[in-house]
Amino acid sequence: MHARILVSTGFKPLNLFSKLVSLYARFNDLGSAVSVFSSIQEPNTMLWNLIIRTHIDSGRLDSALLLYRKMRELGVSHDCFTFPIVNKAVLLVGSDVRYAGMVHSLAIQMGFGLDVYFGNTMIEVYVKCGNLGYARKLFDEMPDTDLVSWTSMISGDVSEGNVASGFSLFNEMRMELEPNSVTMLVMLQACCGFETSIYGRQVHGYVIKNGLLSNGAVQNSILRMYAKLGIVEEVEDFFRELDRRDVVSWNICISSYTSKGDFVKVRDLFNEMQGGVAPSIETLTIVLSALTKHGILSQGESLHGLAIKSGLHDDVLQTSLLDFYAKCGKLESSDKLFRELPDRNCITCGAMMLGLIHNGYFNEAVGVFRQMQAAGLEPGAEILRNLIDAFANLGALKLGKAVHGYIIRKSFCGTEEGHTHLETSILNMYIRCGSISTSRVCFNRMVFKDVVAWTSMIEGYGSHGLGFEAVKLFDLMTREGIKPNSVTFLSLLSAYSHSGLVTEGCEAFYSMKWRFGIEPDLDHYTCVVDLLGRSGKLKEALAVILKMLAFPDSRIWGALLSGSRIYGNRELGQYAAQRLLELEPDNVGYFTLLSNTEASVGQWDEVEEIRKVMKENDLKKKPGWSCIEAKGMIHGFVSGNNSHHHIREIYEVLGCLSRMIQGFI
């Protein structure tokens, strides 16, 4: 058609060229659209607007703004659509409020300041630039406002968290205009900002009263509102009332049960859904999240098969599958998915690293990070946390310090409250690598210290046998108004136990409930039994177990057995061992502990009998392993394994050191 126009003679109206530009734009052929525009000697305002908008729709935002600049230089007149189009470009570029103000000033100078359509787009730009004050000032000064103006302003308040102001505007609007479905979508979003469902129910009732419930988007927003407020019963009831349920409705309902951990309901809804609605990628991701929480491997593999069969795949689903297999212990499947990804990003690399760390493959996690570096990917705070955790588990202090330096250079620390978790990981790395003094320096430099940071530092002092330091830090924590939680008390009780501070530990245990209102659970009782057992108060430890309301598990009996072994109390040790093996008959660690208890009092026949039972039941203790960092490399060693390429030299040095030590004795 374009060719016929080119070869034809006679008058060619401008609207014909505008249709050609629109046609090329619809087929994403920006080059041909520009070619048509360039062939026109004097394009009118409509054509300028069209070519600028075509560039914006194609993502060529800089070119669009340059075209507008040229339009201004040529003195082309503007109409009521020109500035709204420019505003769209400013919004998508992500410019700050200064550029928005420049456009606003220019529009006023050119006589468009009172135009409602322009004013509405200007309100949207100010809101998206994060300046709600300018948006409200413009809204209040507009002589004429329509439903879009009110909805945009209410949406701005809601998006900034000013929910009460949004509701106030909504009530004010109703005196002049009746809201439409878009307004109600904003109001339903606002209801999610309250802890109570009262406002949500009122808005739901208003929607029904005004006949807006037939709108599918409104229906789904009501579902989403109840889901975010955690009222699963309302989600289920309203979901069942719907005549038409689209994939979004199903996803919201399934997601609400996923967040509640009700896998049976998730499975039933997913199976029911497939009878009438095809699942989307988001559906599979939500269901996979539930499977991951419960570690149900077989059904996750079936879901993976369904995704392949349906041709549903994106980076989020692939990453979720990778994470699922890693958490189910199927690292070979995770690794296969990771290698098959054509474009690995920071999220997929982070998930792979986390999976490897979760399964104890710390060296391999470091390897994934090095692949990231080779690919030129910039790690975010979460990736760096994973890396720090890997080095902490490997005891690689020098490498951990190097990453700490990188984090400081990249300004990840101290500037934002959101980086507290990263700083806490650094603190933990120094603790686990034995550098308690450096960890305290890091702790002191933290601008934002949450309860996790305080608890980590208390635990660090406890694990290094510095019980008094842990107590002093706990006192400082409470004086600064940080309320301890149950984990804090676990760390504190553990610190008392490792330092032999029995009286202080018992006082802290009783203060949990009476001073801080925290009900002790089984973990706290286990710490108290360990505290008493380590100090030889075995009868008191047994009394704690027998008097507590919770049913004793293997860990608390293990703490008592360990104390019995230390102090050679064979009778109590046998009693604890009997309870232990009733609970976990296949735990080789407890058999070993019982064997050591009998050996400590010279009961060698009993030791032999225990070892015989272990052999008959094929119970083998996993070999111990350790690693050491040298010249930026991590070397791992497994008990009984001589595969290291420098094993001969290592044993020679160890032998030499052993002889030197014997010479000093």
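At what angle do helix H16 and helix H17 pack, and how far apart are their axes?

Reply: The model is a predicted one, and the description below should be read accordingly. Helix H16 spans residues 247–259 and helix H17 spans residues 263–273. The two pack at an angle of about 165°, with their axes 9 Å apart. Angles over 145 degrees count as roughly antiparallel, and H16 and H17 are therefore roughly antiparallel to each other. The crossing in which H16 passes H17 is left-handed.

The residues that meet across this pair can be named. From H16 come Val247, Trp250, Asn251, Cys253, Ile254, Tyr257 and Thr258. On the H17 side, they meet Lys265, Val266, Leu269, Phe270, Glu272 and Met273.

The wider setting is as follows. The protein chain contains 38 helices and two strands. Of its 665 residues, 44% are buried. When contacts between residues at least 6 apart in sequence are considered, 57% of them join residues at least 24 apart.

Aromatic rings provide a further view of the chain. Elsewhere, ring pairs link Tyr68, Phe83, Phe112 and Phe118 into a cluster.

Charged side chains also meet aromatic rings. Arginine 245 lies over the face of phenylalanine 239, at 4.7 Å from the ring centre. In another such arrangement, the charged end of arginine 344 is placed over the ring of phenylalanine 338, 4.4 Å from its centre.

Finally, a loop residue may be set beside these elements. Leucine 549 is located in the loop between helix H33 (538–547) and helix H34 (554–566). Its relative accessibility is 88%, so leucine 549 counts as exposed. Leucine 549 and aspartate 521 are separated by 28 residues in sequence, while their C-alpha atoms are 9.4 Å apart in space.

To return to the part requested, H16 and H17 form a roughly antiparallel pair with a left-handed crossing.

How values were computed
Residues are numbered from 1 along each chain as its sequence is written. This is a predicted model: local features need pLDDT of at least 70, side-chain atom pairs count only at pLDDT 80 or more; totals for chains, interfaces and linings use all residues. Side-chain values use heavy atoms; hydrogens and water are left out. Rings of Phe, Tyr and Trp (its six-membered ring) pair if their centres lie within 6.5 Å; planes under 30 degrees apart count as stacked, over 60 as edge-to-face and the rest as tilted. A charge sits over a ring if NZ of Lys or CZ of Arg is within 6 Å of the ring centre and within 35 degrees of the ring normal. Axes are lines fitted to C-alpha atoms, for helices over the stretch in contact, and angles run from 0 to 180 degrees between N-to-C directions. Helices (H or I, at least four residues) and strands (E, at least two) are DSSP runs, numbered from the N terminus. Angles under 35 degrees count as roughly parallel, over 145 as roughly antiparallel, 65 to 115 as roughly perpendicular and the rest as oblique. A crossing is left-handed if the near helix is turned anticlockwise from the far one by less than a right angle, and right-handed if clockwise. Contact means heavy atoms within 4.5 Å. Buried means under 20% relative accessible area, exposed over 50%, partly exposed in between (1.4 Å probe, protein chains only).
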